[in-house]
Amino acid sequence: ILGLGDLGTNGMPIAIGKIGLYVAGGGFHDVHALPVQLDCGTDNKELQCDELYMGTRKPRIDADEHLSFVEEFCMAVRDK
């Protein structure tokens with residue numbers, strides 16, 4: 001996220017902050033905004049060993065699996 005490295009689930013505040021910027025600076029209405037995080041694992045060994053880490057403590061999925069996962073999510077959201 002933003003070149004900060006593998007933050008895993010701990011990167012969620014960045015998504016929330018970006019929505020704040022879109023609302024404040026871009027005229028985007030906050031009613032139409034929802035931060036979403038798709039937890040696909042982390043390669044950060046420190047996070048994988050941290051018992052307080054709230055994300056998936058498994059290695060990050062590969063690029064092909066990630067693309068399929070994101071595609072499936074987008075289609076499910078669009079269809080709702």
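This is a predicted model: local features need pLDDT of at least 70, side-chain atom pairs count only at pLDDT 80 or more; totals for chains, interfaces and linings use all residues.
The expected span of a helix is 1.5 Å times one less than its number of residues.

**Helix α1.** Select residues 12-26, which form helix α1. This helix has 15 residues, and the distance from its first C-alpha to its last is 21 Å, close to the expected 21 Å. Next, select G27, the residue that follows α1; its phi is positive, near 75 degrees.

**Helix α3.** Move on to residues 63-79, the 17 residues of helix α3. Its end C-alpha atoms lie 24 Å apart, which agrees with the span of 24 Å that 1.5 Å a residue should give. At the start of α3, display D62 and D64: a side-chain oxygen of D62 comes to within 3.1 Å of the backbone nitrogen of D64.

**The salt bridge.** Select R78 and D79, whose side chains meet in a salt bridge at 3.5 Å, N to O. Both residues are exposed. Side chains of opposite charge can pair when their charged atoms come close. A search of the whole structure finds one salt bridge.

**The cysteines.** The structure holds zero disulfides. C40 counts as buried because its relative accessibility is 10%. Finally, select C49. Its closest cysteine sulfur is that of C40, 20 Å away, so this distance is also too far for a bond. With a relative accessibility of 69%, C49 counts as exposed.

How values were computed. Residues are numbered from 1 along each chain as its sequence is written. Side-chain values use heavy atoms; hydrogens and water are left out. Helices (H or I, at least four residues) and strands (E, at least two) are DSSP runs, numbered from the N terminus. A polar contact is a pair of N or O atoms within 3.5 Å; within protein, one must be able to donate a hydrogen and the other to accept it, and residues adjacent in sequence count only if both atoms are side-chain atoms. A salt bridge is a side-chain nitrogen of Lys or Arg within 4 Å of a carboxyl oxygen of Asp or Glu. Buried means under 20% relative accessible area, exposed over 50%, partly exposed in between (1.4 Å probe, protein chains only). A disulfide is a pair of cysteine sulfur atoms within 2.5 Å.
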